[in-house]
Amino acid sequence: MPSPSPPQSDHLIFFVNGKKVVERHADPEMTLLFYLRKVLCLTGTKYGCGTGSCGACTVMISKYNPDTKKIRHYSATACLVPLCSLYGAAVTTVEGIGSIKTRIHPVQERLAKCHGTQCGFCSPGMVMSIYTLLRNYPEPTTEQLMETLSGNLCRCTGYRPIVESGKTFCEESTVCQLQGTGKCCMDQEENQFYLEKKEKMCTKLYDESEFRPFDPSQEPIFPPELIRMAEDPHKKTLIFCGEKILWMSPTNMNEVLELRMKYPTAPLVMGNTTIGLNAVLKGEFHPMIISPVGLTELNFVDFTDDGMTIGAGCTLAEIKDILTSTVSEEPKEKTKTYRALLKHLRTLAGQQIRNMATLGGHVASKHDYSDINPILAAGKATLNLISKEGKRQILVEELFTTSLKEELRDGEVIYSVVIPQLSRWEIITAQRQAQHLENAFAIVNAGMRVQFREGTNTIKDLKMFFGRVGPTTVSASKTCEQLIGRQWNDEMLSEACRLVLDEIRIPPTAVGGMVEYKRTLIISFIFKFYLKVLRELHKLDPRRYPEIPENSISALEEFPIRAPQGIQMFQCVDPHQPPQDPVGHPIMHQSGLKHATGEAVYNVDLPRVDEELLLAVVTSSRAHAKILSIDVSEALEFPGVVDVITAKDVPGENNIDGEIIYAENEVICVGQIVCAVAADTYSHAKQAAEKVKVIYEDVEPQIITIEDAIKYNSFFFKEKKIEKGNIDRAFYYVDEIIEGEIHVEGQEHFYMETQSVLVYPTGEDEEMVIHTGTQYPTHVQDLVAAVLGVPRNRIMCHMKRAGGAFGGKVTKPAVLGAVAAVAAHKTGHPIRFHLERGDDMLITAGRHPLLTKYKIGFMKNGLIKAVDLQYYTNAGCTPDESERVIEYIVLKSETAYDIPNYRCRGRACKTNLPSNTAFRGFGFPQGALAVENYITAVAFKCGLPPEKVRDMNMSKTVNRTAYKELYNPEPLLKCWKECLEKSSFQSRKAAIEEFNKKNYWKKKGISIIPMKYSIAVPNGYETQAASLVHIYQDGSVLVAHGGCELGQGLYTKMIQVASRELKIPSSYIYLSETSTTTVPNASYTAASMGTDINGRAVQVRFLSILRSSSLS
């Protein structure tokens, strides 16, 4: 523990964008991200998740190594980089490489011009990842580009244009490669469809000749002062004292050991990818931190005849580079374990985390999800431990084998890891299965090794280790012991599978669930290990051991990580179109360059307002309970706290159409807002919120699932129903009837910019100004006015842009805005309310889970005569958008099919979960999945290809839908035919069937699905829009409309419309923001109608102006 009177803090010296920073009061709790955004006001680096997983906060860190005399540039996630770890480092942010005010960097320019930005919130992180790659490899390979972007998430653009922008720097050709032939997919011989149709199609989205040349020699130099600091022979231990944490950075190994002995519970922090993550996710706190960052004694690699020794301070990225180099130079027989490690090092986390995480920290943390520890344990790796008492060695497997259980003793440090070479008759494999190939925790992973008696297939030694099946890596030691002496054959395989399932038991309550799937993966991994070993035995002695069957070979083939490929085709612009008319051209996003330079301002980037307070909320920990009491006394006494806001402080309505602002008397879901704490900093507000004591009394029933809601008849709204024909009679006259059900679970929006709102009272006439990232400013205005009990004309809502939305910012910003507005009303201060990612996911919910029950009547030829569907959505605890969602599901449930006898019913279930809301597709993806599921079931029953059943049941003639709307299927049939032809569906399907015949374990598939999806909403009054146009005396034009810029390029398209109608260059036209003060009562930007209705409003406005001017 830190002493009562801590020593004097040292000055923290580092550089940011070439400028020296001297922080005299460095706080060990502070991350680089917070410092950049709140202290240096460099808001280009974004907060996306706070856990290092999304890459939005990527920066480049450069450090000088005095031993090698080299500078290391690496990308890092600023949200996990402790400020105090940056002594002697140079940090480069997106602002430091280019600006639209001075000169943009080629990386920034190409990302924008290649259409690699939409909402733009992830773009600065993308830029910095690619920039860091170019600092290390001026002409990277595509593989290096894909690897460097593995830690960056994008939720709206898709990765193809982002990767394409990066490929313009690569040494390989950027021409579209078709199946490795080197031909472009648009070459004439590969494009007969278009030649026959004589269609004039364009594919060129950008002009590479416009790009600035990239000159690596023009990049900023590393600050010489930092080189002198690194080479200073008189370094001393650095001490940084914070309010609650003492940080010590020793300069040599002896000091590290002394500190470890003195503070045995203090963690060693180098990459901070575990301690930092646990602080965010689990609230872990350490009053003392020892950080041997940059200690060269822990950062080394030694090669011997028997293997290699790697210093515990080496990062995973450095280890990957070392192993890659070694594998390329040494014979395969000597690099078996290295190859196994490389397989997982390529996909473990993202590039930024691999750049930060160290080998020693990874092993010592004993993560259950570690992809490396099972391989090290299986590969007989040894840990060299050191303490003041001396040195010792332990096998890595001893950390995870119950009978050998070893732990690090007090004062001990992992000094290095020894990875031995394996003998000729030893075989090791690494396996993992995750929901995503890169940057995702494994569902199960494994490291397995077998050693045979020389020249035989008799097992001499066997080790199997599994991850994600227990609290840490788990050893199947008992199974392995029983199999020693057995021959490597099918009988041994069967016994191994039986024994391992008996030994490794995953409880039904295991974190993450998927118990049966995990058990299946364990068996799958053992089987693949078995095949791999059989293949290796064949290589060792082909005469004695046969090759595995040809149809099993594909089971051992890894899924490659390929750069996304594709092409975008669009109708070419008429050559007679006036050159100043931009409509139809692939125009760069209006804010594209600002996205790429970090100069696009989002709601979370707005500068601090005088006297503003930060808000943190207290949320319910119970699904359904009475609130017996709320004790805020301790919170009010906390430093910096101004007030606590509860339901009693709401001056107007607290319940508006079922949407509850602050919980009153009872809570109806976990995550419901009970009260809010307003304080001078978010840290103070959050800590004070933890002091609020809420006493509950549980109330039954607690309805969680759709099945619970059906049982208790808990529904919102009346049943939604469409019907045509005589459904009951039709079932009597069909050949077959199938019944079934399908569950589709929910989905998190994960917009990159979390929900945020800035509210401030003007101090005059009850006016309240609101800045928020929303899809529906009118709704924010309406709800806030109702909660405050004032007319709507006193509430001014402003929206510049949002960092992604996907439906999650239609209704939720209004509720959160109301929460903040009440706080602003009570305190009289401006209120900033920004949700952390965890709170955002908890409070705002997401896509509606759906249960579908179906009964289908059909003929033996696959013709469907009767369909009876029953949909149930899990709406959550309040109505929100759930009525519209279930209406959409029901109304669109026919999709592209014409079933003569059809009935569809839908109910929205009222449960004790956070209220689900609008989400891209508005229920259609879930509902359509159920439809295609029963279509496939019919095809299977009839023994027909699914596409044939789809074709025969598709709408063919003009008819009325089940909701009585006249429908012409001609465009659908045309699309269906073109898609079959353009995709070469039949030939590709034949090739896939041939592949599947030859491969028993790995299968391919192909599917084509028709879809009928109407845009906009059924209510006509909601598909209206308005615009306001100002034409100034200098000829410039300011356009305002009710649509919201969410990344879809709405403002860009409005400029195109305005430019065409006024016949003036786009540069004359500007759109500033969306505001209720300029265009009132605007509809929401959703349902694929934003461009249509607002574009028409802008067009009509200009036509009106031109008409008026011509009359005058």
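Predicted model: local features only at pLDDT ≥ 70, side-chain atom pairs only at ≥ 80, totals over all residues.
A salt bridge, as I use the term today, is a side-chain nitrogen of Lys or Arg within 4 Å of a carboxyl oxygen of Asp or Glu. Keep that in mind.

Let's start with charge. Side chains of opposite charge can pair when their charged atoms come close. How many salt bridges does the structure hold? There are 57.

First up, D502 and R505. Their side chains meet with N to O at 3.7 Å. That is within 4 Å, so the pair counts as a salt bridge. Are these two residues buried or exposed? D502 is partly exposed, at 39% relative accessible area. R505 comes out at 57%, and that counts as exposed.

Next, D698 and R622. This is a salt bridge too, and the closest N and O atoms are 2.9 Å apart. Where do the partners sit? D698 is in strand β27, residues 693-698. R622 is in the loop between β20 and β21. D698 is partly exposed, with 42% relative accessible area. R622 is partly exposed as well, with 30%.

Now R905 and D868. Their closest N and O atoms are 3.3 Å apart, in another salt bridge. Here the pair runs strand to strand. R905 belongs to β36, residues 901-910. D868 belongs to β35, residues 864-876. They are 37 residues apart, and again distant parts of the chain are linked. R905 is partly exposed, at 23%. D868 is at 11%. Buried means under 20%, so D868 counts as buried.

Which residues join it in one network? K721, E723, D728 and R903 do, through salt bridges that share partners.

Let's move on to helices. Two packed helices are described by the angle between their axes and the distance between the axes. Take α23, residues 777-788, and α24, residues 812-827. They pack at about 40 degrees, with their axes 8 Å apart. That angle makes α23 oblique to α24. The crossing of α23 past α24 is right-handed.

Who makes the contact? From α23, the residues include H779, L783 and V787. From α24, they include P813, A818 and H825.

Technical notes: Residues numbered from 1 in each chain as written. Heavy atoms only, no water. Buried < 20%, exposed > 50% of the residue type's maximum accessible area, 1.4 Å probe, protein only. Helix = DSSP H or I, 4+ residues; strand = E, 2+ residues; numbered from the N terminus. Axes fitted to C-alpha atoms, helices over the stretch in contact; angles between N-to-C directions. Parallel < 35°, antiparallel > 145°, perpendicular 65-115°, else oblique. Left-handed = near helix turned anticlockwise from the far one by under 90°. Contact = heavy atoms within 4.5 Å.
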